[in-house]
Amino acid sequence: DRLEAEIRPHASRLVLLRRDAGRPQVVATSRHLVPCEVDLERATWDAGTRTLSGRSRRLVASAHRIPGTAEPGYAMTIHVPPGLRFARAEASIPCLAARAGRGLLRVEFPAVTADAIGWSIRFAEAPAR
């Protein structure tokens, strides 16, 4: 219905509208647009294990970081639907996960030293309210 954003001079914002799949899904990354490439190579949901896994690529930090930004090496924002909660995250490099708002999980990779990262995020059933 309405979207408000503060946009600094010489900056931009990208808005992604996505249909709710009723399962966890990546809705944003800190590198939505990498010159001529998409950073999210693959994202797969396994309902049996409640695991979202994938691979992000073209991530060598120094090549794509915008000077003056405080962004981590790489980050993903994941929509977590009602009925599920974050359980754990694993990746080919160290990562941190934290709630980023209602129904959102942010997974950060503070020190990207590889061109690609394999990752998996496991969810559990949320307690009934």
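User: What is the accessible surface of the protein chain, and what share of that surface belongs to carbon and sulfur atoms?

Analyst: Accessible areas come from the Shrake-Rupley method with a 1.4 Å probe, and for residues only the protein chains shown count as cover. Here the accessible surface of the protein chain is about 8,900 Å², with 51% belonging to carbon and sulfur atoms. A word on the source: this is a predicted model, where local features need pLDDT of at least 70, side-chain atom pairs count only at pLDDT 80 or more, and totals for chains, interfaces and linings use all residues. Residues are numbered from 1 along each chain as its sequence is written, and side-chain values use heavy atoms, with hydrogens and water left out.

User: Which residues make the nonpolar surface patch?

Analyst: Patches are made of residues with over 30% relative accessible area and no salt bridge; like charges are joined within 9 Å, and nonpolar side chains (Val, Leu, Ile, Met, Phe, Trp, Tyr) within 5 Å. In this model Leu 3, Val 15 and Leu 17 make a nonpolar patch of about 370 Å². Leu 17 sits in the segment before β1 (25–29).

User: Is Leu 17 buried or exposed?

Analyst: Buried means under 20% relative accessible area, exposed over 50%, and partly exposed in between (1.4 Å probe, protein chains only). Leu 17 has 77% relative accessibility, so Leu 17 counts as exposed. For the chain as a whole, 27% of the 129 residues are buried.

User: How many helices and strands are there in the protein chain, and what pattern does the chain follow along the sequence?

Analyst: Helices (H or I, at least four residues) and strands (E, at least two) are DSSP runs, numbered from the N terminus. This chain has 1 helix and 8 strands, in the pattern β-β-β-α-β-β-β-β-β.

User: How many salt bridges does a search of the whole structure find?

Analyst: A salt bridge is a side-chain nitrogen of Lys or Arg within 4 Å of a carboxyl oxygen of Asp or Glu. The search finds 6. Among them is the pair Arg 55 and Glu 41, at 2.6 Å from N to O. Arg 55 is in strand β3 (residues 51–57) and Glu 41 in strand β2 (residues 40–46), 14 residues apart. Glu 41 also meets Arg 57 in a salt bridge, at 3.6 Å; Arg 57 lies in strand β3, 16 residues from Glu 41.

User: Which residue forms a salt bridge with Glu 125?

Analyst: That is Arg 50, with the closest N and O atoms 3.5 Å apart. Arg 50 is in the loop between β2 and β3 and Glu 125 is in strand β8 (residues 116–125), so the pair ties together parts 75 residues apart in sequence. Arg 50 is partly exposed at 32%, whereas Glu 125 is exposed at 55%.

User: What is Ile 121 in contact with, leaving aside its neighbours within four places in sequence?

Analyst: Contact means heavy atoms within 4.5 Å. The partners of Ile 121 include Arg 50, Leu 52, Met 76, Phe 86 and Val 107. Ile 121 is found in strand β8 and is buried, at 1% relative accessibility. Across the protein chain, residues 24 or more positions apart account for 68% of the contacts with a separation of 6 or more.
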